[in-house]
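Here are a few exercises to work through with the structure open beside you. Try each task before you read its solution.

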Amino acid sequence: MSADTDKLIESLSTGLQPARPPLSADISALLWLTASVAFVIGITAWFGPIRANALGQLAGEPRFLMETALGVVAIAFTSVMAFRTAVPGASSRRGVLIGLGLVLLWLVNYVLDLAHPALEPSMLGKRDHCFVETLLFALPPATLALLLSRRFYPLRPVYSTALFCLAAAMLPALYMQIACMYVPAHILQMHILPALLVTLAGTLCAWGWVSLRR
């Protein structure tokens, strides 16, 4: 019996190759963020040029630069936390809360801009379909993040999906502050709102999928 078992084990193990471990969550987040930023910049440029004076405003208006930099940090931090939630034991509740807090702090700036805008409101750079563009440009990064997360083992897929979608959707929302006109009410309605809708829709889809599988 022992000899037969040994032969069975030998036959099953013949030709097997060691599995390559997935990249770490942090490296995966960095690669995803790099690819997603390049995609958002590229696809936005393909649909139309950025606001003519946007780069000069970044260089000459400290508050606008601070808003933009805060958005970059918030998205990057949230991206790392999102990928870490897909690895059991790799994330912390505090880290996720910090990421969400940074996103909220960044978005609050645009609410404050309603009373005291960082830039002089102007129609310069207006894109006719920025609402739809923000929605559509968020989908490929969100899809890529979910595909990459399958290499890990997310114990709370709905939770991870919500963070992935939030990070992905905020990328085009942030870039629209450079690519589209700077009017606070327009930013909230046409850039931030669609990003939040993508996050909500992705989270609901994940919840529905998990519920059906149960």
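A residue counts as buried when its relative accessible area is under 20%, as exposed when it is over 50%, and as partly exposed in between. Keep in mind that this is a predicted model.

**Exercise 1. Sort the two partners of the Arg63 and Asp113 salt bridge: is each one buried or partly exposed?**

Step 1. Start with the contact: the side chains of Arg63 and Asp113 meet in a salt bridge, with 2.5 Å from N to O.

Step 2. Find the partners in the chain. Arg63 belongs to helix α4, while Asp113 sits in the loop between α5 (93–112) and α6, and the two are 50 residues apart.

Step 3. Apply the cut-offs. Asp113 has a relative accessibility of 1%, so Asp113 is buried. Arg63 comes to 29%, so Arg63 is partly exposed.

**Exercise 2. How many salt bridges does a search of the whole structure find, and which residue pairs with Arg84?**

Step 1. The search of the whole structure gives three salt bridges.

Step 2. Arg84 pairs with Asp26, and their closest N and O atoms are 2.9 Å apart. This pair links distant parts of the chain, since Arg84 is in helix α4 and Asp26 in helix α2, 58 residues apart.

Step 3. Another salt bridge joins Arg127 to Glu133, with the closest N and O atoms 2.9 Å apart. Here both residues are buried.

**Exercise 3. Which element gives the most to the lining of the largest pocket?**

Step 1. Rolling a probe the size of a water molecule over the atoms shows where empty space is left.

Step 2. The largest pocket has a volume of about 530 Å³. Its lining has 21 residues, and those nearest the centre are Leu146, Pro157, Thr161, Ala206 and Trp209.

Step 3. Two or more lining residues come from each of α6 (130–149), α7 (157–179) and α8 (184–213). With eight residues, α8 gives the most.

Step 4. Sort the lining by type: 13 residues are nonpolar, five polar and three charged.

**Exercise 4. How does the lining of the second largest pocket divide into nonpolar, polar and charged residues?**

Step 1. This pocket has a volume of about 230 Å³.

Step 2. Look at α2, α4 (62–85) and α7, each of which supplies at least two lining residues. Among the lining residues are Val37, Thr68 and Leu171.

Step 3. The count is 11 nonpolar, one polar and no charged.

Key
Residues are numbered from 1 along each chain as its sequence is written. This is a predicted model: local features need pLDDT of at least 70, side-chain atom pairs count only at pLDDT 80 or more; totals for chains, interfaces and linings use all residues. Side-chain values use heavy atoms; hydrogens and water are left out. On a 1 Å grid over the protein atoms alone, a cavity is a set of points where a 1.4 Å probe fits but cannot get out, and a pocket is an open set with protein on both sides within 12 Å along at least five of seven lines; lining residues have an atom within 4 Å of a point. Grid points are joined across faces, edges and corners, and a volume is the space filled by probe spheres set on the points. Helices (H or I, at least four residues) and strands (E, at least two) are DSSP runs, numbered from the N terminus. Ala, Val, Leu, Ile, Met, Phe, Trp, Tyr, Cys and Pro count as nonpolar, Asp, Glu, Lys and Arg as charged, and the others, Gly among them, as polar. A salt bridge is a side-chain nitrogen of Lys or Arg within 4 Å of a carboxyl oxygen of Asp or Glu. Buried means under 20% relative accessible area, exposed over 50%, partly exposed in between (1.4 Å probe, protein chains only).
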